[in-house]
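Please keep the sequence and the model in view while going through the numbered points.

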Amino acid sequence: METSPENYSCAIIGGGVAGLSLAIQLADAGIKTIVFEKNTYPFHKVCGEYISMESWNFLMELGLPLAEMNLPMIREVGISSEKGFMLRAPLASGGFGISRFALDNELFALARQKGVTILENCKVQFVKQESRHITLITTTQGTFTAQIVCGSYGKYTPSFARNMQEPKKNINYIGVKYHVKTNFPDNRIELHNFEGGYCGISKVEGNVCCLCYLATADQLKQAGNNIKELEEKVLHKNPFLKKIFTESEFLFEEPVVISNVTFHKKSTYENGIFLLGDAAGSITPLCGNGMSMGLRASNMLAQLLISFFKEDVSKDALIHAYALAWNDQFKFRIQTGYYLQSLFGKKNTTHLVLKALNAMPRFTQKIIGLTHGKPF
Ligand SMILES: Cc1cc2nc3c(=O)[nH]c(=O)nc-3n(C[C@H](O)[C@H](O)[C@H](O)COP(=O)(O)OP(=O)(O)OC[C@H]3O[C@@H](n4cnc5c(N)ncnc54)[C@H](O)[C@@H]3O)c2cc1C
């Protein structure tokens with residue numbers, strides 16, 4: 001099909017890890033792709049910035065020179081209770097640390113270099129299917145058309161993609177992130193529980209630590225919507241956190257904060273849009289694997305889209321095959337995440353669970369294994 005300058009084979013809404021990696025794979029297959037990103041690179045995001053090793057080879061194959069970036073390789077975990085107990089365990093498959101500021105910016109540069117059109121500071125406002133083959137995308141920088149539209153817009157579903165059956169809301173969290181300098185080993189990630197939430201710490205590039213936590217929106221309200229007060233009144237009750245918060249050098253003037261964070265499976269295709277990354281369903285950060293899930297989903301969807309554009313599969317078959325592949329890969333992992341989340345962030349329960357896991361190292365390894373996927 002002849003394309004006009006504003007007509008694309010594939011349009012991707014949202015340039016985070018899922019959207020950018022999908023764009024790179026499509027560009028590698030010669031598919032004309034555009035990405036709309038409402039922010040301007042590079043920028044910070046609320047994220048624990050730990051990526052499981054399952055994504056290492058995939059990112060290298062995309063063209064990201066991870067091996068040359070001198071990144072901290074993380075091989076053990078510590079999980080503490082508010083009562084001051086710390087469970088220590090090896091991370092069999094492990095992970096590595098890289099800031100979202102660096103990662104998303106590297107993927108952005110790579111995608112551009114491979115010929116993807118990326119519009120920054122460009123918010124998608126409306127998506128309308130004109131016909132089975134043409135979708136109209138209205139943005140703050142004009143209107144575009146595409147044969148296939150993918151939504152990788154993250155955890156907040158925009159109004160144009162919302163249907164009538166949004167799942168009922170579970171607990172509403174806030175996410176807060178800092179970069180700090182502190183005395184912390186390269187090879188370790190720690191998760192510190194406090195009443196209502198937990199805080200992760202691990203190294204990223206440049207000898208900096210990412211310190212990132214989830215607390216409930218109610219707790220913030222009770223602290224007069226004051227983040228400092230929330231930290232002093234709630235997080236500091238965990239002695240490990242009190243030490244980190246009082247002894248670290250904080251590198252941001254203000255933390256990066258997000259609100260209205262919920263975790264649930266959504267859908268893989270909605271209102272004519274293929275969904276991936278957090279847009280299709282988000283996992284609790286406790287499992288530390290949302291990025292790997294987004295990257296893996298991009299790989300599954302890219303392969304199916306490449307077949308579709310070669311006219312090997314119909315669109316209906318594509319919708320069906322993607323839903324099957326997604327559920328096969330992630331449904332169980334997401335459920336495990338919800339279950340684990342229910343055991344964390346509770347003073348007595350968490351303490352007892354950690355003590356029990358400490359006595360059963362093999363079982364602990366099994367649980368950790370359920371949250372990490374195999375390399376792809
Ligand atoms: C507190 C917390 C800690 C976490 N820690 C970890 C961790 O340690 N490891 C891990 O793997 N995962 C972690 N996660 C999860 C991880 O951050 C997400 O799973 C991951 O960012 C999802 O990537 P994505 O590409 O789907 O979405 P995002 O990275 O959120 O990207 C979506 C992009 O879409 C853009 N966008 C949105 N709407 C529009 C629009 N209308 N028009 C144009 N652009 C739009 C946004 O600006 C954004 O850049 C954590 C999450 C939270 C909340």
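1. Two domains make up the division of this chain: domain 1 covers 7–62 + 100–167 + 263–338, and domain 2 covers 72–95 + 169–262 + 345–371. The model is a predicted one. Between the C-alpha centres of domain 1 and domain 2 the distance is 28 Å.

2. Where the two domains touch, domain 1 contributes 23 residues and domain 2 contributes 24 residues. On the side of domain 1 that touches domain 2, the elements giving two or more residues are β3 (50–52) and α8 (315–343). Sorted by class, that side of domain 1 holds 10 nonpolar, 8 polar and 5 charged residues.

3. Which residues come nearest to the ligand? Of the 39 residues around the ligand, they are G14, G16, G48, G277 and G290. Two or more residues of this shell are supplied by each of α1 (17–28), β3, β13 (209–216) and α7 (290–309). The helix α7 gives the most, with 4 residues.

4. The shell around the ligand takes at least three residues from each of domain 1 and domain 2. Its composition by class is 17 nonpolar, 16 polar and 6 charged residues.

5. After α1 comes G30, which has a positive phi, near 80°.

6. Is α1 mostly covered or mostly exposed? The helix α1 is mostly covered, with 11 of its 12 residues buried. Among the buried residues of α1 are V17, L20, L22, I24 and L26, as well as S21 and Q25. The cover over the buried residues of α1 includes the strands β1 (7–13), β2 (33–36) and β9 (142–151). It also includes the helices α2 (56–62), α3 (100–113) and α7.

7. Strand β10 (residues 173–181) is likewise mostly covered, as 7 of its 9 residues are buried. With β13, β10 runs antiparallel and is joined by 8 bridges; H179 has C210 of β13 as its bridge partner.

8. Further antiparallel pairings of β10 deserve attention. Strand β15 (residues 256–261) is joined to β10 by 4 bridges, and the partner of G175 in β15 is I258. Strand β14 (residues 249–250) is joined to β10 by 2 bridges, with K181 paired to E249 of β14.

Definitions and conventions: Residues are numbered from 1 along each chain as its sequence is written. This is a predicted model: local features need pLDDT of at least 70, side-chain atom pairs count only at pLDDT 80 or more; totals for chains, interfaces and linings use all residues. Domain bounds come from an automatic or database domain assignment. Two residues are in contact if their C-beta atoms, placed from the backbone, lie within 7 Å. Ala, Val, Leu, Ile, Met, Phe, Trp, Tyr, Cys and Pro count as nonpolar, Asp, Glu, Lys and Arg as charged, and the others, Gly among them, as polar. A residue is near a molecule or strand if its C-beta atom, placed from the backbone, lies within 6 Å of it. A residue is buried if 20 or more other C-beta atoms lie within 10 Å of its own, exposed if 12 or fewer, and partly exposed in between; C-beta atoms are placed from the backbone. Two strands pair if DSSP finds at least two bridges between them.
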